[in-house]
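This briefing goes through a structure topic by topic, from the overall make-up of the chains down to single residues. The sequence and model come first.

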Amino acid sequence: MKHPSEEQLILYRYRERDAPLEAIEQHLARCSDCRSDYERLQWVLATVSEQPVPERSEEYAAEVWSRLQPHLAKKAGLGRRMVTSWFGMPRWAAVGTGAALVVAAFIAGRFWPGHPTQAPPPVSAQVRDRILLVAVGDHLERSQMVLVELVNTQSKGEVDISREQRRAEDLLVDNRLYRQTAMRVGEPGLANLLDELERVLAEVANSPSEVSARQLESLRRRIEDQGILFKMRVVGAEVERREQRGGKPPSGPQGLANAPGRTT
Amino acid sequence: MEGNDAAAVLQARAGDADAFRVLVERHSHKVFRLAYRMTSNEQDAEDVVQETFLLAYRRLDQFESRSSFGTWIHRIAVNCTLDLMRARRRHNDDRVREDDMERPDLLESLPAPDPLPDRLVLSAEARRRVQYTLSRLSATERTAFVLRHFEGAPIEEIAKILGVRVNAAKNGVFRAVKKMRQALEPLVGSNVQAWPGVERQEQGMK
């Protein structure tokens with residue numbers, strides 16, 4: 001064989017079945033350049049392997065269990081939610097919700113209520129728009145991920161969608177704040193899209209945590225029929241363009257309303 | 001062990017919490033190691049361990065007993081970790097990383113390694129470079145690499161876990177390995193003998 005490529009050497013190192021293992025082995029035996037290259041690859045990967053992982057004590061498994069047990073114990077008494085999440089509200093989701101609150105309050109001109117007698121400094125329209133755009137762009141992307149996962153889920157039997165549900169619940173809280181804020185700052189197109197998204201998220205959040213293939217199909221159809229993913233992509237792209245323009249809206253009074261219109 | 005796992009799963013499904021405890025005890029160390037390799041953060045790894053076992057408990061009915069419980073729980077752990085990594089990418093932690101991306105390559109700004117370093121110094125330098133490179137990998141590259149390199153998962157399995165085509169998983173591994181080589185090979189230089197598992201020769205010591 002000719003000199004193996006770097007990719008082939010990597011596959012050879014991992015003994016992947018689709019690499020021509022025998023041919024590479026024979027080549028390495030007679031080609032000193034390739035052998036030297038392969039040895040360097042081995043050293044690199046051996047060094048990566050030496051990276052330490054923090055030690056856990058022998059009691060670690062018991063500690064994990066003791067933290068888990070109270071959550072598992074709730075299984076018997078719960079209906080839709082069999083077990084509460086360890087994260088409760090995941091830390092990262094909590095960050096999202098916190099950010100939504102701050103953004104909404106900031107844009108609404110009531111940053112913190114610490115000095116009730118002192119008026120907050122005015123926020124310029126451009127700064128306000130940029131904050132909203134960054135936050136909403138992020139929110140739309142996260143929402144899109146949840147809906148895409150649901151749309152792409154394939155199953156013939158029962159499907160556990162509890163993880164998507166938890167994320168939908170968290171997003172729902174943010175979504176309300178963004179929708180109200182969008183209305184308040186004169187972004188009716190964006191508010192309409194968020195209104196549609198809110199209904200879809202609410203439907204996901206309120207579905208049973210385990211759904212049959214038929215229920216899932218019906219949920220998927222509703223998401224697809226409303227074209228919500230397409231609208232989110234269009235608005236997301238417009239949000240990104242506006243972010244790049246420093247928050248300046250396109251010409252016209254509707255701001256992000258130039259996105260595809262409502263179907264309801 | 002796997003046979004015992006199957007029995008424990010059956011008992012846990014029937015509501016026997018002690019049977020689930022056995023599964024947690026058998027697999028929690030491995031799940032922690034995987035989560036740590038993927039996150040490089042102890043607290044995140046601990047959170048992933050908890051979330052993984054909670055999800056597994058909730059989804060025990062979906063576990064097909066002909067497959068391996070170890071593989072199944074690993075798959076859940078990877079998904080939990082990916083969720084966390086995606087979310088992080090969108091929040092504060094990643095703002096730091098984005099800032100980082102705008103800076104000139106930090107590897108280049110690291111001081112050049114001592115031409116004749118002590119083995120410990122070299123190991124520390126290598127560790128720093130591995131950590132740095134891991135932190136710069138995309139979620140797909142990092143997951144594919146961790147699963148292939150540390151967990152020994154075949155590329156087909158990695159593709160299934162990531163929900164991507166086999167070629168995409170393979171490319172993730174290739175890109176990750178190439179980045180590791182770029183980061184580490186400058187250290188090899190003429191000091192190959194100082195590398196792990198390789199005896200140093202007198203001529204390299206001066």
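Buried residues account for 31% of the 264 residues in chain A. The model is a predicted one. Chain A has 10 helices and 2 strands, whereas chain B has 10 helices and 0 strands. Between the two chains, 49 residues of chain B are in contact with 40 residues of chain A.

**Make-up of the chains**

- Along the sequence, the elements of chain A run α-α-α-α-α-α-β-α-α-β-α-α.
- In chain A, 71% of the contacts between residues at least 6 apart in sequence join residues at least 24 apart.
- Chain B reads α-α-α-α-α-α-α-α-α-α along its sequence.
- Chain B has 206 residues, of which 37% count as buried.
- Of the contacts in chain B with a separation of 6 or more, 59% are between residues 24 or more positions apart.

**The side of chain B that touches chain A**

- The contact between the chains involves 49 residues of chain B and 40 residues of chain A.
- On chain B, at least two residues of this side come from each of α2 (17–39), α3 (42–58), α4 (69–89), α7 (119–136), α8 (139–150) and α10 (166–188).
- The element that gives the most to this side is α2(B), with 11 residues.
- By residue class, the side of chain B that touches chain A has 25 nonpolar, 8 polar and 16 charged residues.

**Helix packing between the chains: α4(A) and α2(B)**

- From α4(A), the contact uses Tyr60(A), Ala61(A), Val64(A), Trp65(A), Leu68(A) and Leu72(A).
- From α2(B), the contact uses Ala17(B), Phe20(B), Arg21(B), Val24(B), Glu25(B), Ser28(B) and His29(B).
- The residues of this contact comprise 9 nonpolar, 2 polar and 2 charged.

**Helix packing within chain A: α7(A) and α8(A)**

- Helix α7 (residues 162–184) and helix α8 (residues 188–206) of chain A pack with their axes 8 Å apart, at an angle of about 155 degrees.
- That angle makes α7(A) roughly antiparallel to α8(A).
- The crossing of α7(A) and α8(A) is left-handed.
- Residues of α7(A) in the contact include Ala168(A), Leu171(A), Leu172(A), Arg176(A) and Met183(A).
- Residues of α8(A) that they meet include Leu190(A), Leu194(A), Leu197(A), Glu198(A) and Leu201(A).
- The contact of α7(A) with α8(A) is made up of 14 nonpolar, 2 polar and 6 charged residues.

- Helix α3 of chain A has 18 residues (32–49) and should span 26 Å at 1.5 Å a residue; its end C-alpha atoms are 25 Å apart, which agrees.
- The buried residues of α3(A) are Tyr38(A), Leu41(A), Trp43(A), Val44(A), Thr47(A) and Val48(A).
- Helix α9 of chain A (residues 213–225) has 13 residues and reaches 18 Å from first C-alpha to last, close to the 18 Å expected at 1.5 Å a residue.
- After α9(A) comes Gly227(A), with a positive phi near 65 degrees.

- Glu141(B) is in helix α8 of chain B.
- Glu141(B) has 21 other C-beta atoms within 10 Å and is therefore buried.
- Apart from neighbours within four places in sequence, Glu141(B) is in contact with Gly172(B), Arg175(B) and Ala176(B).
- Glu141(B) and Arg175(B) are 34 residues apart along the chain, and their C-alpha atoms are separated by 6.8 Å.

- Most residues other than glycine have a negative phi.
- Arg15(A) is not a glycine, yet has a positive phi of about 50 degrees.
- Arg15(A) lies in the loop between α1 (6–13) and α2 (21–30) of chain A.
- Arg15(A) is exposed, because 10 other C-beta atoms lie within 10 Å.
- Ser40(B) also has a positive phi, near 60 degrees.
- The place of Ser40(B) is the loop between α2 and α3 of chain B.
- Ser40(B) has 17 C-beta neighbours inside 10 Å, so Ser40(B) counts as partly exposed.

Terms used. Residues numbered from 1 in each chain as written. Chains lettered and ligands numbered in written order. Predicted model: local features only at pLDDT ≥ 70, side-chain atom pairs only at ≥ 80, totals over all residues. Contact = placed C-beta atoms within 7 Å. Helix = DSSP H or I, 4+ residues; strand = E, 2+ residues; numbered from the N terminus. Nonpolar A, V, L, I, M, F, W, Y, C, P; charged D, E, K, R; others polar. Axes fitted to C-alpha atoms, helices over the stretch in contact; angles between N-to-C directions. Parallel < 35°, antiparallel > 145°, perpendicular 65-115°, else oblique. Left-handed = near helix turned anticlockwise from the far one by under 90°. Buried ≥ 20, exposed ≤ 12 C-beta atoms within 10 Å, placed from the backbone. Expected span 1.5 Å × (residues − 1).
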